4 protein chains.
Amino acid sequence: MQEFSKFPTKTGRRSLSRSISQSSTDSYSSAASYTDSSDDEVSPREKQQTNSKGSSNFCVKNIKQAEFGRREIEIAEQDMSALISLRKRAQGEKPLAGAKIVGCTHITAQTAVLIETLCALGAQCRWSACNIYSTQNEVAAALAEAGVAVFAWKGESEDDFWWCIDRCVNMDGWQANMILDDGGDLTHWVYKKYPNVFKKIRGIVEESVTGVHRLYQLSKAGKLCVPAMNVNDSVTKQKFDNLYCCRESILDGLKRTTDVMFGGKQVVVCGYGEVGKGCCAALKALGAIVNITEIDPICALQACMDGFRVVKLNEVIRQVDVVITCTGNKNVVTREHLDRMKNSCIVCNMGHSNTEIDVTSLRTPELTWERVRSQVDHVIWPDGKRVVLLAEGRLLNLSCSTVPTFVLSITATTQALALIELYNAPEGRYKQDVYLLPKKMGETRPHETTLEKLFLKIILFCFILFFF
Amino acid sequence: MQEFSKFPTKTGRRSLSRSISQSSTDSYSSAASYTDSSDDEVSPREKQQTNSKGSSNFCVKNIKQAEFGRREIEIAEQDMSALISLRKRAQGEKPLAGAKIVGCTHITAQTAVLIETLCALGAQCRWSACNIYSTQNEVAAALAEAGVAVFAWKGESEDDFWWCIDRCVNMDGWQANMILDDGGDLTHWVYKKYPNVFKKIRGIVEESVTGVHRLYQLSKAGKLCVPAMNVNDSVTKQKFDNLYCCRESILDGLKRTTDVMFGGKQVVVCGYGEVGKGCCAALKALGAIVNITEIDPICALQACMDGFRVVKLNEVIRQVDVVITCTGNKNVVTREHLDRMKNSCIVCNMGHSNTEIDVTSLRTPELTWERVRSQVDHVIWPDGKRVVLLAEGRLLNLSCSTVPTFVLSITATTQALALIELYNAPEGRYKQDVYLLPKKMGETRPHETTLEKLFLKIILFCFILFFF
Amino acid sequence: MQEFSKFPTKTGRRSLSRSISQSSTDSYSSAASYTDSSDDEVSPREKQQTNSKGSSNFCVKNIKQAEFGRREIEIAEQDMSALISLRKRAQGEKPLAGAKIVGCTHITAQTAVLIETLCALGAQCRWSACNIYSTQNEVAAALAEAGVAVFAWKGESEDDFWWCIDRCVNMDGWQANMILDDGGDLTHWVYKKYPNVFKKIRGIVEESVTGVHRLYQLSKAGKLCVPAMNVNDSVTKQKFDNLYCCRESILDGLKRTTDVMFGGKQVVVCGYGEVGKGCCAALKALGAIVNITEIDPICALQACMDGFRVVKLNEVIRQVDVVITCTGNKNVVTREHLDRMKNSCIVCNMGHSNTEIDVTSLRTPELTWERVRSQVDHVIWPDGKRVVLLAEGRLLNLSCSTVPTFVLSITATTQALALIELYNAPEGRYKQDVYLLPKKMGETRPHETTLEKLFLKIILFCFILFFF
Amino acid sequence: MQEFSKFPTKTGRRSLSRSISQSSTDSYSSAASYTDSSDDEVSPREKQQTNSKGSSNFCVKNIKQAEFGRREIEIAEQDMSALISLRKRAQGEKPLAGAKIVGCTHITAQTAVLIETLCALGAQCRWSACNIYSTQNEVAAALAEAGVAVFAWKGESEDDFWWCIDRCVNMDGWQANMILDDGGDLTHWVYKKYPNVFKKIRGIVEESVTGVHRLYQLSKAGKLCVPAMNVNDSVTKQKFDNLYCCRESILDGLKRTTDVMFGGKQVVVCGYGEVGKGCCAALKALGAIVNITEIDPICALQACMDGFRVVKLNEVIRQVDVVITCTGNKNVVTREHLDRMKNSCIVCNMGHSNTEIDVTSLRTPELTWERVRSQVDHVIWPDGKRVVLLAEGRLLNLSCSTVPTFVLSITATTQALALIELYNAPEGRYKQDVYLLPKKMGETRPHETTLEKLFLKIILFCFILFFF
């Protein structure tokens with residue numbers, strides 16, 4: 001068994017760094033906390049479990065949690081109407097009949113809805129987790145109970161990780177013809193270990209930047225013999241990940257961690273890109289008094305015309321109650337700023353990296369750190385002043401808030417439609433190449449390329465139900 | 001010990017109904033969930049505990065939880081700057097020196113800040129809980145560790161409840177001269193059991209409507225020999241409890257229970273009073289499409305001029321994603337409405353009673369209830385349609401959201417200033433009567449009555465720090 | 001003829017001071033500017049004019065302007081749907097059949113719609129102007145052409161004023177039985193000159209505070225033998241005159257006078273009452289950065305919770321681009337403030353008096369005044385700095401903006417319904433007293449008094465059409 | 001003299017069609033209405049006029065209007081701080097010393113500030129009008145009085161138009177070395193008539209799309225021997241022309257024409273591009289209930305997430321009070337829609353062409369048109385229903401509103417800086433080509449090309465003063 005860990009991959013790094021730049025997302029649904037981590041310490045690989053129909057074609061933490069997991073899936077279904085509608089519309093024609101999909105994604109309630117939709121459309125699925133920590137055990141149990149061959153649990157070792165992937169691919173009498181991947185590990189495994197399977201794959205749908213990058217490398221090396229599609233990187237997704245989601249998650253993240261009242265609070269938001277715009281709109285609407293720092297003149301102009309005071313951080317740092325970074329730069333909030341903040345100032349990061357706030361500079365002997373809640377530290381100065389640091393400067397929206405199911409639904413619907421497209425495309429429509437959905441789109445009707453048509457179909461599908 | 005339960009009071013009723021109409025509030029801080037309910041089952045009354053200074057002049061669940069409780073108090077202090085400032089300003093002159101206060105309130109981090117402020121101003125305090133469920137055990141432990149004589153734990157029996165109150169009042173060599181009460185139970189107990197103590201009380205500060213009502217009854221009967229002040233029922237408090245708090249808690253409550261995305265959602269809000277105005281403003285700001293039902297023409301007019309569609313519930317019930325009631329009336333949402341809602345519609349109540357949604361009508365055999373999360377039920381129709389019912393129709397803002405510390409701080413500061421006022425008032429300023437702070441105030445400078453001056457002082461104190 | 005000017009009245013004062021405190025409003029519709037003031041100088045009283053039907057039972061500036069006036073009336077009708085609907089509904093039953101109404105109001109397109117509605121409901125009307133400057137000559141001509149006995153023109157002398165009133169009342173074979181008045185001059189004239197007519201009046205409907213005051217004096221003196229109703233002073237009217245109208249007229253007034261761009265402008269609004277709230281909401285929404293000064297703590301608190309910076313005027317006076325006063329106090333903006341303003345700062349008044357800005361202090365030799373447009377002065381400091389003063393510190397919303405027809409429609413509908421009510425009320429319902437519609441109304445259903453019922457009827461009538 | 005009209009140009013067409021697609025803008029400042037059109041009918045070309053210094057090196061309508069024109073210029077200066085600041089900063093070094101600029105633009109108060117700035121920086125200027133109707137005569141007079149050689153008046157004939165241009169170029173002892181043009185007529189004239197002058201021009205700054213198009217044609221034909229710069233077409237300008245300006249001009253245009261109250265009105269906006277976004281934001285903020293029609297799925301999605309109902313026009317056309325088109329398409333509002341509108345519905349166009357509303361379909365015998373005010377027509381159906389059509393379907397923002405000086409200031413500052421840049425550029429920096437400022441810019445710091453640097457400089461200059 002140990003052999004799996006010898007495979008040279010990025011898993012180890014990811015499990016340490018949890019950098020967002022590698023996998024599609026490291027956000028863990030709030031529901032992850034329901035997972036009982038004080039469970040027995042027996043490895044799932046050593047357990048004998050069967051579901052209620054007698055099948056043991058899976059490996060999860062505890063099949064008995066299936067019922068609770070089913071609840072989570074049902075909750076998720078409520079806000080994924082596009083997938084449910086796809087399920088209903090295409091159930092008759094079974095556009096994925098004959099498809100044998102191996103998948104490797106986060107195992108959450110939302111992906112469970114995707115997997116079960118693929119099954120409803122005629123596919124056979126075998127699934128593993130793309131991250132050793134992100135599996136919701138209950139959801140995995142519910143999938144197993146429903147007959148999906150799922151191999152995943154929270155807290156896998158690196159060896160477990162590859163073992164699970166292998167169990168998905170390596171099955172007698174069953175050969176995958178489609179891949180749905182998030183991060184490229186599954187693709188790489190099939191490519192390296194099962195080259196004969198790989199050659200017969202009809203299409204790969206990849207969700208992450210890293211995975212796409214690896215596909216491009218294969219392609220450049222002339223070794224990609226399969227059409228692949230990056231479904232995640234479209235303009236719609238960008239707008240949702242930034243503007244629309246952050247507009248909600250800034251409130252949610254601050255409220256869950258600090259219960260702070262927004263009305264009347266003095267706030268400074270560093271950066272007025274899409275993320276900053278979302279944060280500012282929400283806070284302004286709830287009665288906060290919002291100041292903005294911005295070095296790009298176009299963005300500063302927009303902030304100004306939107307009615308915000310554009311300031312230098314130094315000018316306002318003594319007065320503000322909340323500091324939020326969304327610049328994408330390093331050390332926007334320095335130790336000097338932190339020294340000058342007033343007592344009980346809340347500091348958090350909504351930007352791209354965990355380096356916007358110079359948290360390292362706070363790890364000095366004269367300052368005392370107190371962990372007052374999960375994700376909430378009080379950093380205490382010698383004179384008693386406290387600064388409230390959230391998520392140790394990591395991304396507030398990922399650490400302390402949830403991604404709305406509706407947003408995840410957009411990606412999931414895109415994945416499903418991309419799989420249908422690739423599986424049913426006439427010979428020659430897609431070559432052995434990597435396809436990206438439009439990253440930018442003028443606000444005009446899409447033109448007539450294949451990908452633009454697909455993209456339009458996705459948008460119509462995701463939102464048409466939503467609008468009307 | 002059993003004798004205490006014989007006392008004919010409202011405790012029994014309250015513990016069953018938890019109606020907001022009786023105590024000041026039955027909201028439980030989110031932190032209450034940190035309380036370890038799987039604790040050992042030994043009654044605190046039977047435990048022998050001492051704090052680190054060797055005192056055992058208290059009775060709490062577990063003194064060892066003090067450190068965690070101290071964290072909670074420190075968090076609360078961050079948003080109670082008026083009290084902290086009062087502490088600093090008045091610490092020198094000790095305006096409560098000599099005051100011996102018995103208190104009976106919810107025992108939360110916020111009241112802990114109040115109690116410790118009273119102590120810092122020179123008072124001696126003995127404290128019990130006004131509700132058998134609402135005590136944060138860790139906070140009680142922290143108070144005990146700090147030397148406050150606190151007698152309270154979560155999950156008291158009715159007998160425990162009275163025992164705790166009695167322990168506060170009945171102590172050799174210490175006689176209370178001030179009462180701080182929430183609900184009137186403590187006051188009633190002193191009045192009935194310790195009439196000699198009662199006569200020498202200099203003033204009562206009462207927070208709840210019920211408590212004030214009981215004081216009026218005493219007063220009418222000519223038996224109130226002490227001036228009493230209702231600190232809770234002022235215009236400031238009303239604005240915060242309704243407009244400003246609900247503007248935030250509607251978002252918080254919906255997000256914590258359902259993780260729903262607000263942007264683009266069709267919402268109907270029933271009622272456009274202060275609560276409705278708060279809900280609508282917040283939801284509109286986050287991109288929801290808000291419809292309003294309202295029967296009062298003035299309120300309907302305001303809704304209209306604020307840019308909302310005024311509709312009849314029947315007209316929109318089929319399309320909406322979220323239904324929120326804030327009318328104060330009964331059965332605003334009927335079974336018929338529920339029958340016509342679309343799949344996954346969320347239904348919740350922000351109004352005054354738990355009867356706005358006809359939940360009873362849903363308890364019929366053909367409907368299946370599934371509890372999918374704490375406070376979240378799926379009610380399932382025979383055709384599979386699910387309606388997402390929050391908090392079983394009880395108040396969302398109390399059940400699924402937290403009251404911001406800043407709001408609690410207003411009441412706490414008012415209580416502290418009222419105690420100082422009553423304790424230091426020259427003979428004759430207050431008679432043996434019940435005083436209410438201005439319930440309505442034209443938006444003009446307060447006039448020159450004593451109470452108006454006090455009120456102005458409170459406002460300036462609470463907000464002056466906040467504004468500038 | 002000269003005799004009329006001997007009558008001791010307030011007309012002289014009003015024509016000089018134009019204070020809003022006396023008549024219902026001194027706002028002149030923008031259309032007033034269409035009036036050809038370079039007309040021939042022959043007094044209308046000396047002209048012989050007949051309308052197209054041969055009648056000369058009127059006295060207006062120029063009957064030939066009737067067609068243009070008809071256009072203005074038609075425009076007004078477009079936004080007075082409540083009156084038009086009343087006209088349609090009640091046209092069959094003619095609830096004013098037999099009513100002989102003498103009226104004295106501003107003669108504008110909107111009052112023309114009212115007058116023609118009263119005629120359509122069966123009344124006979126004779127009309128004069130309540131202000132010597134406010135008549136729209138074209139509208140008067142259109143009314144005359146349509147057969148209404150109207151006696152009014154722009155620029156009446158005081159003698160003309162009384163002559164017109166007298167012509168309305170004093171007609172052989174026609175005796176008024178209802179009065180519709182604005183300011184009380186007509187009422188006073190009938191009372192003094194035609195006591196026998198006055199005794200048989202069934203009801204007076206009065207629109208202005210001054211008129212009501214005079215009625216009260218009569219009533220106190222025991223000389224009011226007629227029921228009278230103040231239709232103007234209700235909560236609905238207050239909300240519209242302040243919050244909703246000012247929200248629009250601040251933008252309109254600033255734009256028409258200065259063409260200033262709002263986006264990004266630094267603004268300070270002095271006072272956060274209803275008027276201030278309206279101004280701030282509008283300016284914030286259009287991207288201005290709004291600061292507020294406020295001395296009342298409740299209002300300051302609201303400003304703060306609504307997300308505005310509460311400042312002292314001195315702190316911001318050097319930076320702001322626009323200064324707006326809405327306090328109701330004197331000398332809020334002093335010479336010292338004006339000295340410190342930056343070049344091109346715009347200063348205007350939306351408050352109650354023309355004394356909020358200390359304009360007198362600017363009339364000193366070292367400052368140069370330049371009238372750059374109608375209602376726009378540049379005041380120039382020795383160093384070249386210019387301050388842009390609007391309407392010489394008088395009310396911007398009256399001087400430089402129009403009152404929306406919809407708002408005037410509320411009053412007009414109220415007047416019509418009040419006339420119907422008084423004319424048809426059973427004996428005894430109204431006594432010889434002055435009735436005010438509810439000035440304040442809790443946001444609850446109106447109770448059951450006669451006036452509350454009437455008020456509810458008015459609201460439903462005005463807005464029901466509007467809502468649905 | 002007649003010879004000038006023989007020159008084959010676009011002037012004739014423009015003067016008829018006034019299409020925005022040809023010149024930079026056909027907006028006429030509101031101040032244009034101050035121009036006394038009832039003036040004597042003597043052609044300025046036949047008048048002998050001298051300014052107060054004895055010069056007659058100009059040709060304007062009436063030099064006596066200079067003082068009023070100066071007021072208009074002073075008003076404009078108040079909101080053009082970037083130009084004034086440029087004037088002050090560069091006045092010492094005179095970066096345009098030696099520049100001889102011929103200009104051909106709209107002659108308005110704002111361009112007067114530009115021209116006087118160029119003079120203050122050392123340039124000599126001769127100026128004519130780019131449109132035969134758009135000259136503010138008073139402003140031309142003020143320029144002439146100040147010594148600028150200006151040849152322009154309102155209501156030029158086509159022959160006059162070319163005569164004026166020629167008078168600018170053709171002067172003994174003075175040879176232009178820079179051109180500032182709007183529309184390309186001046187450039188073309190110099191190119192055709194004065195090829196020797198043209199060859200020695202150091203640079204052309206062109207403001208309009210048409211002019212740039214003509215330059216490109218020259219360039220393609222290998223005949224452009226001068227570097228030219230299109231200063232108008234940058235991202236900043238786009239944002240201001242659309243989003244920020246329309247946010248204000250929709251309110252201004254509706255108010256000035258109809259005095260309509262926005263609060264509570266039902267509005268449908270066709271199209272949710274930048275213009276639509278601006279209109280919707282403003283109307284929503286003032287309490288209108290806004291519906292949107294949109295066929296582009298991305299824009300529809302944005303509308304939805306911004307909280308607007310996305311509808312089909314047919315669904316709402318019967319209920320709405322206001323219809324606004326901003327799609328850029330033809331016949332968005334058809335006769336069928338117009339037939340179904342309710343009485344008093346207001347219809348206007350904010351989009352790109354004058355064909356969005358099918359106005360032609362309304363010119364049928366059964367419909368009556370009444371011009372009720374300037375730019376306002378009532379179209380009356382046989383049953384009496386009226387539709388209020390603004391500006392006969394042409395652009396509301398150009399016809400019935402003013403462009404804020406601040407926006408014109410951006411263009412003017414850009415023109416000034418472009419002239420300085422071209423005049424002082426080292427040999428070789430600019431070739432004989434047409435340069436466009438960045439049309440799109442990611443919201444990131446500009447890169448390092450020459451044009452991007454210039455653009456950044458412009459932004460910093462225009463807005464830096466504005467922000468801080």
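**Annotated positions and aromatic pairs**

Phe161(A), Trp162(A) and Trp189(A) form one aromatic cluster, where rings of Phe, Tyr and Trp (its six-membered ring) pair if their centres lie within 6.5 Å, and planes under 30 degrees apart count as stacked, over 60 as edge-to-face and the rest as tilted. This is a predicted model, in which local features need pLDDT of at least 70 and side-chain atom pairs count only at pLDDT 80 or more, while totals for chains, interfaces and linings use all residues. Residues are numbered from 1 along each chain as its sequence is written, and side-chain values use heavy atoms, with hydrogens and water left out.

**Aromatic pairs**
- Over all chains the structure holds 25 aromatic pairs.
- Tyr191(A) and Phe198(A) make an edge-to-face pair, with 5.4 Å centre to centre and 70° between the planes.
- Phe198(A) is buried at 1% relative accessibility (buried means under 20% relative accessible area, exposed over 50%, partly exposed in between, with a 1.4 Å probe and protein chains only).
- The pair of Trp153(B) and Trp163(B) is tilted, because the ring centres are 6.3 Å apart and the planes stand at 55°.

**Annotated site in chain A**
- An unreviewed UniProt entry places the feature "binding site" at residues including Thr108(A) and Glu207(A); positions follow the numbering used here, feature names are shortened, and annotations may be inferred rather than shown by experiment.
- Thr108(A) is buried at 12% relative accessibility, and Glu207(A) is buried with a relative accessible area of 13%.

Technical notes:
Chains lettered and ligands numbered in written order.
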